Amino acid sequence: MRRKVTPAIPRPGQESVWDYPRPPRVEPGTERIRIVLGGELILDTADSIRVLETSHPPVYYLPRSAFRPGALEAAPGSSFCEFKGAAQYLTVHGGGLVAEAAAWFYPEPAKGYEALVDRVAVYPGRMDYCEVEGERVRPQAGGFYGGWITGRVAGPFKGEPGTMGW
């Protein structure tokens with residue numbers, strides 16, 4: 001039996017993840033994104049693609065070329081998204097630390113998601129920290145999800161306790 005979800009009322013300047021569509025929407029972003037691992041800045045860019053899906057905080061897809069050289073390497077494993085297609089995983093290196101399978105990409109994204117070609121998404125909870133416009137990101141709960149929670153979005157969010165049936 002599905003539990004009824006009561007979306008939080010967004011404050012001024014916020015988006016409700018419950019207004020995001022399914023299938024997910026892809027939109028370009030111009031916010032400054034920074035990622036730090038092992039105390040080392042491994043990415044600093046204002047070029048992103050946000051994927052917005054009902055009940056999920058945004059996932060930021062970043063240009064592979066914006067990562068510090070040597071920060072990404074192929075990792076075993078794959079997964080499949082009914083919308084975006086087959087994903088492959090990447091291990092992330094920074095400041096002497098190694099985060100196994102902490103990023104993913106779609107080598108051949110499905111129709112409608114072509115903007116994700118040559119872009120990488122990172123699990124924010126596996127990094128020292130990630131920032132959007134100087135705000136530290138809170139990772140989406142649950143080991144599988146890679147959403148980035150900031151003050152810009154209102155939930156509740158898929159992955160939190162009690163959300164399994166959403």
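This is a predicted model: local features need pLDDT of at least 70, side-chain atom pairs count only at pLDDT 80 or more; totals for chains, interfaces and linings use all residues.
In the hairpin formed by β5 and β6, with six residues between the strands, Ser55 adopts a positive phi near 75°. Strands here are DSSP runs of E with at least two residues, numbered from the N terminus. Residues are numbered from 1 along each chain as its sequence is written, and side-chain values use heavy atoms, with hydrogens and water left out.

Strand β5 (residues 48–52) is largely enclosed by the rest of the structure, because five of its five residues are buried; buried denotes under 20% relative accessible area, exposed over 50%, and partly exposed the range in between (1.4 Å probe, protein chains only). Both faces of β5 are covered, with Ser48, Arg50 and Leu52 buried on one side and Ile49 and Val51 on the other. Strand pairing requires at least two DSSP bridges. Strand β2 (residues 25–29) runs antiparallel to β5 and is joined to it by five bridges, with Val26 opposite Val51. Three bridges connect β5 to strand β6 (residues 59–63), also in an antiparallel arrangement, and here Arg50 stands opposite Tyr60.

Rings of Phe, Tyr and Trp (its six-membered ring) are paired if their centres lie within 6.5 Å, and planes under 30 degrees apart count as stacked, over 60 as edge-to-face and the rest as tilted. The rings of Tyr60 and Trp148 form a tilted pair, because their centres are 5.0 Å apart and their planes lie at 45°. This pair links distant parts of the chain, with Tyr60 in strand β6 and Trp148 in strand β14 (residues 148–149), 88 residues apart. Both Tyr60 and Trp148 are buried. The pair of Tyr61 and Tyr106 is likewise tilted, with ring centres 6.3 Å apart and planes at 45°. Here Tyr61 belongs to strand β6 and Tyr106 to the loop between β9 (97–105) and β10 (119–122), 45 residues apart. Tyr61 is buried at a relative accessible area of 2%, and Tyr106 is buried at 6% relative accessibility. One aromatic cluster comprises Tyr61, Trp104, Tyr106 and Tyr123.

Charged side chains also face aromatic rings; the criterion is NZ of Lys or CZ of Arg within 6 Å of the ring centre and within 35 degrees of the ring normal. The charged end of Arg64 sits over the ring of Phe105, 4.5 Å from its centre. Arg136 lies over the face of Tyr129, at 3.5 Å from the ring centre.

Nonpolar cores are sets of buried Ala, Val, Leu, Ile, Met, Phe, Trp, Tyr and Cys residues joined through side-chain atoms within 4.5 Å. The largest has 23 residues, of which Ile35, Phe67, Val92, Met127 and Trp148 touch the most other members. At least two residues of this core come from each of β3 (33–37), β4 (40–45), β6, β8 (85–94), β9, β10 and β11 (129–132). Strand β9 supplies the largest share, four residues. A second, separate core of 15 residues includes Ile49, Tyr61, Ala75 and Phe83.

In strand β7 (residues 72–81) lies Ser79, which counts as buried at 18% relative accessibility. Contacts (heavy atoms within 4.5 Å) are made by Ser79 with Gly85, Ala86, Ala87, Tyr89 and Phe144, not counting residues up to four places away in sequence.
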